[in-house]
Amino acid sequence: MSSLLREEMDRILFRSEGQKLEEFIEIEEQQQGRHFLCVSITKDKEAQISVVLCRRVKHSRTNKLQKYGLEDSYERTETWALEDLLILDGRDPDTDDPCFLMHFDSVRSIRAVSCAAKYTLARCLLSLSKKYHHTALKLKNYDWTYIQPTTMYSDRGDCIVLAQICFYAFNLVCLSMCPVPLA
């Protein structure tokens, strides 16, 4: 479902302006409708962060059996440049809190739908900051182990990780079968 949503949002809202949608997360806002925090790359290779509102809109159908159909409408309500983001503040790394703060000239509070979404966005923004601005984004109050994976799991496929775990388990079984001299 999210890949279809991503493709539709990219096609309707970003590609039409010559941009490429890199990442998006769903966020909770006061206003009616679904909201997303999107990260896109412009034609000039600049990263942008946008709040996008998705509304269901009725429209007339050409099909004689149905009078009305529903269609998603996307609208950017806020946009910032990634280079203007001074600090990405996770608020409290020790609790399971999906809220975070984006410090621009003013502070924008965001509530993601989950902590996983919050960390996904942080990893994306950190990567794009290094790639396009050649500086590391300042992260505050994030658990670094979820931002930068350990060497055991870093960018390796699930099969390799599973094989490594099986290898460790096999070694433990072999060691447990070895006789221990009682002296």
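Colleague: Starting with R15: buried, exposed or partly exposed?
Modeller: R15 counts as partly exposed, because its relative accessible area is 43%, between the cut-offs of 20% and 50%. Keep in mind that this is a predicted model.

Colleague: Which side chain does R15 meet in a salt bridge?
Modeller: That of E7, with 2.4 Å from N to O. E7 is partly exposed as well, at a relative accessible area of 42%.

Colleague: Why would such side chains pair at all?
Modeller: Opposite charges can pair when the charged atoms come close.

Colleague: How many salt bridges are there by this rule?
Modeller: The count is eleven. One of them joins the side chains of R34 and E26, at 3.1 Å from N to O.

Colleague: And how accessible is R34?
Modeller: R34 has 37% relative accessibility, so it counts as partly exposed. E26 is also put in the partly exposed class, because its value is 26%.

Colleague: Changing topic. Where is D97 found?
Modeller: D97 lies in a loop, with strand 5 (87-89) on one side and strand 6 (99-103) on the other.

Colleague: Is D97 buried or exposed?
Modeller: Buried. Its relative accessible area is 15%, and the cut-off for buried is under 20%.

Colleague: What is D97 in contact with, leaving aside neighbours within four places in sequence?
Modeller: R91, R111, C115 and K118. With R91 there is a polar contact between the side chains, at 3.3 Å. The side chains of D97 and R91 also meet in a salt bridge, at 3.3 Å from N to O.

Colleague: Which residues do salt bridges that share partners join into one network?
Modeller: E7, D10 and R15 are linked that way.

Colleague: Now the strands. How many residues of strand 2 are buried?
Modeller: Seven of the eight in strand 2 (residues 34-41), so this strand is largely enclosed by the rest of the structure.

Colleague: How many bridges join strand 1 to strand 2?
Modeller: Seven. Strand 1 covers residues 20-28, and the two strands run antiparallel. As an example of a bridge, L21 has S40 in strand 2 as its partner.

Colleague: How many residues sit between the strands in that hairpin?
Modeller: Five residues separate strand 1 and strand 2, and in this hairpin G33 takes a positive phi near 110°.

How values were computed
Residues numbered from 1 in each chain as written. Predicted model: local features only at pLDDT ≥ 70, side-chain atom pairs only at ≥ 80, totals over all residues. Heavy atoms only, no water. Helix = DSSP H or I, 4+ residues; strand = E, 2+ residues; numbered from the N terminus. Buried < 20%, exposed > 50% of the residue type's maximum accessible area, 1.4 Å probe, protein only. Polar contact = N/O pair within 3.5 Å; in protein donor to acceptor, adjacent residues only side chain to side chain. Contact = heavy atoms within 4.5 Å. Salt bridge = Lys/Arg side-chain N within 4 Å of Asp/Glu carboxyl O. Pairing = 2+ DSSP bridges.
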